[in-house]
Amino acid sequence: MPYQIAPFRFDVTVPIGHSLCGGWIPAASRIDSPLEGLGFVLLTESQPVVVCTLDWTGLCNDAHLQLRQALAKAAGTTADRVAVQCVHQHDAPFACLETDRIVRAQGDLPPNMDPQFFQTCLQRAETAVKESLKSPRRLTHVASAQAEVEQVASNRRVLNDQGKILKNRSVAASSDDIRDLPAGVIDPWLKTVAFYDGKEKVAACYYYAVHPISFCCTEGHVNSEFVGQARKLKSEHDAPDCLHVYFTGCAGNINAGKYNNSDHHENRPVLAQRIFAAMERASEQLRPEPIKRLQWTTADFLPPVNRAFSIAELEKQINDHSRRVVHRNRPAFTLAWLRRHAAQKPITLSGLHVNQISMLHLPAEPFIEYQLRTQMLYPERFMAVAGYGDGGPWYLPTAEAYFQGGYEVSVAFSGPEVDQHLMRGIKDLMPG
């Protein structure tokens with residue numbers, strides 16, 4: 001059977017008043033740009049495969065599974081053959097249904113997610129996939145290329161001479177002593193993978209590792225951030241029928257702090273133009289080749305829980321009405337993960353391999369080192385890595401980061417053993 005591809009898109013813009021970023025920032029007060037779900041169905045020799053991104057901060061635990069199940073049902077496949085990644089803009093929803101139940105039981109905390117709106121998004125996703133499958137395109141060729149992104153990404157963990165965290169470079173650095181420090185360990189390359197029907201480009205995927213935040217969390221202005229702007233620019237300048245899908249890579253310790261400041265009105269379009277320029281340069285290098293092999297792989301991932309957390313202590317923090325909202329609903333996310341872990345419900349890692357191209361779908365907020373290691377381990381393949389799948393465990397630091405300390409380690413729900421577990425999962429994803 002020849003391969004086919006069916007691109008789809010659906011709206012996931014929150015209504016005014018909906019919680020953003022887990023409920024500890026101002027709720028939605030204005031829609032600056034819509035939020036979208038974008039993806040494609042691949043019809044293969046076996047069951048269909050679905051790959052999707054969402055303009056949300058995160059999608060955790062049962063919420064992530066339910067969207068995968070909805071997409072699978074619409075495509076006529078199983079949830080383990082569906083990848084859903086979030087782009088991780090912050091003026092957007094951070095959906096965890098168990099967290100929502102925990103905070104609603106308190107009576108005085110902002111809800112995490114409107115369950116009715118979430119069901120509406122599931123229905124829109126199903127409808128979009130079903131509609132796309134009415135007129136799939138042939139999938140005959142694939143191409144890959146990369147281009148360097150200039151002056152966007154920087155490592156936000158600044159270490160002292162003893163290898164410990166000196167400072168955390170914020171999204172909008174307030175002083176030159178932080179901004180002028182070296183960019184640190186980053187992956188400067190934007191990766192592009194494009195799918196073709198003959199000579200016509202049908203879908204293009206872009207992968208870049210940076211927190212997609214120029215300014216957030218103070219006004220409730222819902223937007224798809226500078227990466228969403230870049231995606232829109234690329235759509236306007238490319239083949240009219242091509243779907244453009246952006247994936248955030250392993251950006252748990254990466255932001256734009258070195259090249260950003262607090263003036264988001266000025267900086268957001270500047271950062272967008274830099275991403276767009278790399279998209280354009282990569283696109284110019286694309287050389288389609290016939291698809292000879294397509295394979296989907298999966299691996300289970302359930303790392304040990306961080307011993308710094310206990311269910312009893314988390315419940316105490318959530319029940320303490322004297323604490324700030326952020327210090328009560330963040331522990332609710334942790335409690336949701338610990339309950340899931342106790343039930344032994346693993347995350348599904350997945351990989352789409354086409355010829356010598358591998359597109360890996362990883363969970364939560366992995367550190368950039370996982371992406372760099374993966375590329376070094378498999379230099380013969382074009383590796384495109386997406387983070388921000390199932391956000392249940394929050395940050396995924398490297399083992400050495402636990403010695404270094406810092407914010408990310410303090411809110412990582414897994415212990416340092418996560419490093420070996422994630423690397424084992426990545427290796428299990430690679431084609432035989």
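Predicted model: local features only at pLDDT ≥ 70, side-chain atom pairs only at ≥ 80, totals over all residues.
**Entry 1: the open sheet**

I began with the strand order. Five strands form an open sheet, and they come in the order S6-S4-S3-S1-S8 with mixed pairing. I then asked which strands stand at the edges. They are S6 (82-86) and S8 (137-138); each has a single partner strand, so one side of each has no neighbour in the sheet. I noted as background that strands of a sheet pair through backbone hydrogen bonds, in either a parallel or an antiparallel way.

Next I looked up two of the pairings. Strand S3 (residues 36-43) and strand S4 (residues 49-54) run antiparallel and are joined by six bridges. Leu-38 is the residue I picked here, and it stands opposite Thr-53 in S4. S4 and S6 run parallel, with five bridges between them. For this pair I wrote down Val-51, whose bridge partner in S6 is Ala-83.

**Entry 2: strand S6 in detail**

I sorted the side chains by direction. Val-82, Val-84 and Cys-86 point one way, while Ala-83 and Gln-85 point the other way, and all of them are buried.

**Entry 3: helices across the sheet**

Helix H1 (residues 61-75) lies across S1 (4-11), S3, S4 and S6, and runs at about 135° to S6. Helix H3 (residues 115-132) lies across S1 and S3, at about 150° to S1.

In H1 I stopped at Asn-61, which is placed in that helix. Its phi is near 55°, a positive value in a residue other than glycine. Asn-61 has 8% relative accessibility; buried means under 20%, so Asn-61 counts as buried.

**Entry 4: cysteines**

How many disulfides does the structure hold? It holds zero. Cys-86 is in no disulfide, and the nearest cysteine sulfur is that of Cys-60, 7.9 Å away. Cys-86 is buried, with a relative accessible area of 2%.

I also checked Cys-96. The closest cysteine sulfur to its own is in Cys-60, at 5.1 Å, which is too far for a bond. The cut-off for a disulfide is a pair of sulfur atoms within 2.5 Å. Cys-96 is buried too, with a relative accessible area of 0%.

I moved on to strand S13 (residues 189-197). Eight of its nine residues are buried, so the rest of the structure largely encloses this strand.

I looked up two partners of S13. Strand S9 (residues 141-148) runs antiparallel to S13 and is joined to it by eight bridges. Ala-143 has Ala-194 in S13 as its bridge partner. Strand S14 (residues 200-208) also runs antiparallel to S13, with seven bridges. Phe-195 stands opposite Ala-203 in S14.

What do S13 and S14 form together? They form a hairpin with two residues between them, and Gly-198 in the turn has a positive phi of about 65°.

**Entry 5: Asn-255**

I looked up Asn-255, which lies in strand S17 (residues 254-255). Asn-255 counts as buried, at 1% relative accessibility. A polar atom of its side chain lies 2.9 Å from the backbone nitrogen of Gly-257. Leaving aside residues up to four places away in sequence, Asn-255 touches several others, among them Val-152, Ser-154, Arg-156, Arg-169, Val-210 and His-211.

**Entry 6: helix H8**

Helix H8 (residues 326-342) has 17 residues. From its first C-alpha to its last it reaches 24 Å, close to the 24 Å expected at 1.5 Å a residue. Of the 17 residues of H8, 13 are buried, so the helix is largely enclosed by the rest of the structure.

**Entry 7: Tyr-388**

Where does Tyr-388 lie? It lies in the loop between strand S23 (382-386) and strand S24 (395-396). Phi of Tyr-388 is near 65°, a positive value in a residue other than glycine. Tyr-388 is buried, with a relative accessible area of 3%.

Definitions and conventions. Residues numbered from 1 in each chain as written. Heavy atoms only, no water. Pairing = 2+ DSSP bridges. Helix = DSSP H or I, 4+ residues; strand = E, 2+ residues; numbered from the N terminus. Contact = heavy atoms within 4.5 Å. Axes fitted to C-alpha atoms, helices over the stretch in contact; angles between N-to-C directions. Buried < 20%, exposed > 50% of the residue type's maximum accessible area, 1.4 Å probe, protein only. Polar contact = N/O pair within 3.5 Å; in protein donor to acceptor, adjacent residues only side chain to side chain. Expected span 1.5 Å × (residues − 1).
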